[in-house]
Amino acid sequence: VSRLSEGRRGQGLRGRLLAAFVLVAVPPLLLFAVFVIALVSDRLERAARQRLGQGLDGVRARVGRLQREADAAVAAIVRDKVSATPISDDNARNAAAELGASHGLPLLEIVDGSGRVLSSRHWPAGVGLPEGDHEVAGTSDLRWETIAEDYGAAERLAVVATHRGTWSGVPVVVRGGFPLDAEVLGELSDLMGAEVALRDRARGRWVARADSPLAKAGAFDPSKGDGTVDIAGTVYRWAAAPLGASLWEVVAVPHTLLAEVTGGVRWLTLGVAALALLAALATALVLSGRIAGPVRELAARARGVGAGDLEHTAVEASDEVGELARAFASMTHELRTSRERLVQAERVAAWREMARRLAHELKNPIFPIQLSIETLRRALDQSAAQDAERFQSLFRESSDTILDELRSLRAIVEEFSQFARMPPPRLAPTDLRELVERVLALYRARAATVRIETGLAEGLPPVPADRDLLARALGNLVANALEAMPDGGTLSVKTRAVAEGVALEVSDTGPGLTEEQRTRLFTPYYTTKKGGTGLGLAIVQGIVSDHGGRIQVESAPGAGTTFTLVLPSAMGNGHVEPGGAA
Amino acid sequence: VLALALGAGRSARSALGPRYGGELRIALAEAATSVEPSMPRGTADRILAGLVHETLLGVDDDGRPRPALVQSWASAADGREWTLRLAPATFHDGAPVGSADAVRGLRRFLRSESAAAAHLARVLEGGDEYRRRSSEALAGLTTLDDARLVLRFRVSTAVPLAALASPAAAIVSGRGAGAGPFVPTTPPSGRGLRATAFGRHVRGRPFLDVVRLIVGPADRGARSDGADADVTSTAPPLPPATGLLLLLLDPAAPPLASGRARALIAASVDRAQLARHFLPGGEPAEALLAPTLLPPLPPPSAPSPRATASPASVAGRVVLRVASDVPQSASQRVVAHLTALGLEVQAIPAPAAAVAAGQPRLLVWYPEVAEAGLALEELAALAGWPAPVRTALEAADAVRDFDRRRAELQRIEETLRGTHVLVPLARLPLPLGGRSGVHALRVTASGALVVENAWVEP
C-alpha cells in the first residue's frame, strides 16, 4: 500500500507537470488556430465577393456594349436605309433580313405605328401580325422578343435599340439588337468562372445556359443583393444587381469551393495545432520524466534506506534534484558508516558483556574450588597434628564442593554451547494444543505452589513448526514464569487465532518487569535471576524468529508478565518434513 | 450559240420520248418504316409502297375503280355482289397471283388500321365480326376459282370497290413477295433501299432499270459517293398540291373545348398569306378535300367569326404537336397566328405518322384512297367521329346516284369543317421534285410518288 501510494504520488507529480505543460501550450495553439481560420475565411470571403462583383460588372459591361452597338446600327439603318427603300409586299418581307445581315444585327424588326410587324429578321412568321414582344419593366433597352424557333417561336431576352423613322412616308419603328440569351451568358460564365444568369422577377423566368444550376433555383428572390442558395444539394454564394425594375443579373459561385478551402485550412491549422500539441506533450513527458524520475528514484532509495539497504544510493541527476540526490547519498554514506561503527561498537560491547558474564559465571565456581583445594592442602599440612578422621571428613566436603562447582561449570559451558549451536528449525504441521499439554506436563510436578491454567482454543489450524525447538522455547517461558513466582501464583497458557496465524500466550502473576528490564529482556546474557545465564529468552526469540514469527512482552511492575508468541499458520521458508520433526 | 446548241440538244433528247434504262435516285429525309403492306407512315412509306406493291384496284380522279391486279369486275344482286377477275400477273418471287393470294391479302387488310378497311368491313358480309376478331369466318369474301373472287355486301353502296385501292390492301405472295413495278434488292434500312425494274409487272416493265431511295438531310440530297440525287426536296415540287396542311384541335380540353375558340382559331389564319409566303407551291385551303375530289360548296353568306368577334382573343396554353413533314416556316406562321390570338403556344416536333386523338396537331394529311366518301370517313375518324357526320356518311354511302351523293358529301364536309376540330389551312405539294432530265414523275391524290412510268434522259 505504501509503495502504491508512493507510486501514485510520483505519477501525481508527473501528471501535474503534464497538466501544466498542456495548460501552457493549448491556449496559444487554439488561439493560433482560430486566428488562422478566421483570417483565411475572411480573405476567401473577400475574394468570393470580389469575384461576384467582377461578374456583375462584366454582365453590365457586356449589356452596355451591346446596347451601344445596337443603337449605332439601328440609327444608321433608320438614317440611311429604311427611308430610301420603297415598300412593297415582297421587299417588306425581306427588308429586315437584308438590313439586319448587312448591319450585323441578328435581331431586326420594323413595325408600323400600330405595332404590326412589317418585316422581321428574327420572327419572319409574324409579318403582318401584331408584335408579341414584352418590354422588361424599368428599361426600354431590354425586351422579351419573339424569335422563330423550330416549329414555333420562343421568347428570348434581347438587348435592343429602338428608333423611329419613316418608310416610304409611313411612320415606322425600327428595333434591332442582340439576343441576351443562354449563349451570351454561357460565354460570360466561362469567361468569369462563375455562373451568370438573368432573372426576370415579374415573369418568374431565368435566362441562363441549359446546364446552369441557377436555372434550377425555383423560387429565388434576387432583391436581397447577395446570399447563398442550395440548388440540388450544392450551396452557391450569389450576388445580384438590378438591370431594370424586374430584371436582375445574378452571379453565383459554388459555396462548396469556399467551404472546401476554408475547411481545408481549418483542418490543416487544426492538424498543425494538434502536432504542436503532441510535440508539447512529448516534450512535457520527457521533461517531467527527467524531473520526476530522479525524485521517484530518490524516494525509492529512501525507502530502501528505511528498510536497511544503505548500498547503491547514487541517483543520476544534474540539476537541483541531482544536488538533493548527492546530499541524500552523502547522508546515506554517513548513515552506513555510523551503522558500521555502531555494529562494531555493539559487537565489542557484546564481547565485553560476554567476557564479563563468562568471568562472572566462571569466577563463582572457581572461587569455591580454590577455597576447597586450599583447605585440603592446609589440612594435608596439618594432618600430622590432626587425626585422620577429621582429614577425611574435610577431604570429603572439599571434594564434594569441587565436584559441585565443576558440574556447575559444565552446565554453564553446555548452555553456551547450545546457544552457539542453535540448529535450523525443521518445520512440520504441529498441533499447538498437544505441544502445550506435553510441555506443561513436564512442569506440573515442579509447580507445587503455582496454579496452572490453560485456555487452548478449539479448531486451531496446525502451524508449521519444529516441535522440539518450539517445545524448548515454550519450556523456557514456562520455567521463567515458575521461577518468577517462588511464592506461588498462577501460570496461564492460552492459544488463539490471530490475523497472522496463531498466538500463544504465557502469563504469570509474578512481580513483573521494569521498563529497563523489559527493553533489555531479549539481550543475550542479560538476566535478572541469580545464577541465570541470560540466554533463555534470547534462545526463545531466536526460535520464534526462525519460525517466521514474532515475540512480544507485556509487563509492568507488580502486574505480572505476559509473553505472546505469534506464529504464522502458513508454511514459511523453513525446511519442512511432512512426517514431523526429526 | 453553245448554250442554244446544248439547249437544242436537250430538247431533242426529251422529244425522243420515253427510254428504257437508267437509275433514279430519290433523296428522302427519313427512311421507310416497313416493306410490308400497311398504312403508309410518311412520304417514304408511300413511295416504297408504290414501288414494291400492287393493289387489286386503283381509283381514278373521280374515285372510280381502275384495273390493277384485277382486270375486270361485274356486279349482281342489285350491286351487293361483285365478282373480280384477276389479270395474269406474277409476284416478284415468280409465283402467279391467284385468288387465294387476293383473299389472304384482303383478310389481312380488313384487320389493319386503315380507315378504308374499316369502311369495307362495315359493308362486307361478316366484315365487322371478322375485323373485331370475334369470328374467323368471312362470308363476304370467297373465291370461285384461281382467277376469280367474289365480294358480297350487306347493302348496295355507291363505291363498293374503292377501298381496295388502299396501299394497305396490297397483295403479296405466300412468301411475302410483292407484285409492284420494282423489286427491292436490299432490305430497307436507315440508309435507304435499292430496287430494280420488275419485267413481269402487270402493266409491263417500267422504263427505269433501278430506283434508289437515299436517306439523308432533306436540303441536300447528295449521296456519300458525291452523285447528286435526281429527286430532291430542293427541286421545285411536283404538282398538284395534294397534301392538306391541317390543324387538328382537341375539343375535349380547354381552351379548345369552346366551339367559339376553335372558330376564332379557324378564322384567324390568313390562308392566302400562309400559302403564298410560307408554302412554296401551296394554295390556300378553305375546304377539307381537294376540289378534284370534292368541289366545295359556294362560300357562306354569313359573316365569319373574325368579322363578328371584336376583339378576337383566346386565352390559354396549347401544346401543339407538329408533324415532321410540316414545313417549319408554315408551322411558325400558324403558331404566330395563334399567339396573336392570345394563346400561349408551345410547338413540339412529333413523328409524321404518330397521329393520336385528343392532341392538338399540325399535320400534312393525304387521303388514304382518293375517293371523297372514304376521305371524309378518314377525316371524321381524325375528328373523333362527330355524331351527325357518322350518320350522314352512312346515308351517303347508300346513294348510288353520283350527283346526289356528291351533294351529300359536300354538306357532310361542311358540317365536319363546321365543328372546327379539323381546320384546313393550305394545300401543299409533295416536297419532292425532279431535276431536269427526269420525266413522267407523277404524284397521286394520295400523296404517292409514281415512278412506274418515269424515265430519265441519258
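Modeller: Buried means under 20% relative accessible area, exposed means over 50%, and partly exposed is in between (1.4 Å probe, protein chains only). This is a predicted model, where local features need pLDDT of at least 70, side-chain atom pairs count only at pLDDT 80 or more, and totals for chains, interfaces and linings use all residues. Residues are numbered from 1 along each chain as its sequence is written, chains are lettered from A and ligands numbered from 1 in the order in which they are written, and side-chain values use heavy atoms, with hydrogens and water left out.

Colleague: OK, is A:Arg336 buried or exposed?

Modeller: That residue lies in helix α5 (residues 320-381) of chain A; helices (H or I, at least four residues) and strands (E, at least two) are DSSP runs, numbered from the N terminus. Skipping residues up to four places away in sequence, A:Arg336 touches A:Leu310 and A:Glu311, contact meaning heavy atoms within 4.5 Å. Its relative accessible area is 18%, so A:Arg336 counts as buried.

Colleague: Over in chain B, how far apart in space are B:Leu51 and B:Val451, C-alpha to C-alpha?

Modeller: B:Leu51 is in helix α2 (residues 43-52) of chain B, and it's buried at 1% relative accessibility. Beyond four places in sequence, its contacts include B:Gly180, B:Phe182, B:Leu213 and B:Val451. B:Leu51 and B:Val451 are 400 residues apart in sequence, but in space their C-alpha atoms are apart by 7.4 Å.

Colleague: And the 6-stranded open sheet in chain B: which are the edge strands?

Modeller: Pairing is mixed, and the order is β13-β17-β12-β16-β14-β15 (chain B); two strands pair if DSSP finds at least two bridges between them. At one end of that order, β14 (residues 316-323) and β15 of chain B pair in the parallel sense over 8 bridges, with B:Gly316 bridged to B:Leu343. The edge strands, each pairing on one side only, are β13 (283-284) and β15 (343-350) of chain B.

Colleague: What about the two chains: which element gives the largest share of the side of chain A that touches chain B?

Modeller: Contact involves 16 residues of chain A and 17 of chain B, and together the chains bury about 1,400 Å², 56% of it on carbon and sulfur atoms (buried area is the accessible area, 1.4 Å probe, that two parts lose on being put together, summed over both). A:Arg93, A:Ala125 and A:Tyr151 supply 49% of what chain A buries there, more than any other three residues. Elements giving two or more residues to that side are α2 (89-102), β4 (142-149) and β5 (152-167) of chain A. The largest share, 3 residues, comes from α2(A).

Colleague: How many salt bridges does the rule find across the interface of chain A and chain B?

Modeller: A salt bridge needs a side-chain nitrogen of Lys or Arg within 4 Å of a carboxyl oxygen of Asp or Glu. Across the interface of chain A and chain B, though, the count is 0.

Colleague: Then which residue forms a salt bridge with A:Arg237?

Modeller: A:Arg237 is in strand β10 (residues 234-242) of chain A, and its partner, 192 residues apart, is in helix α1 (residues 2-81) of chain A. N to O they're 3.3 Å apart, and the partner is A:Glu45.
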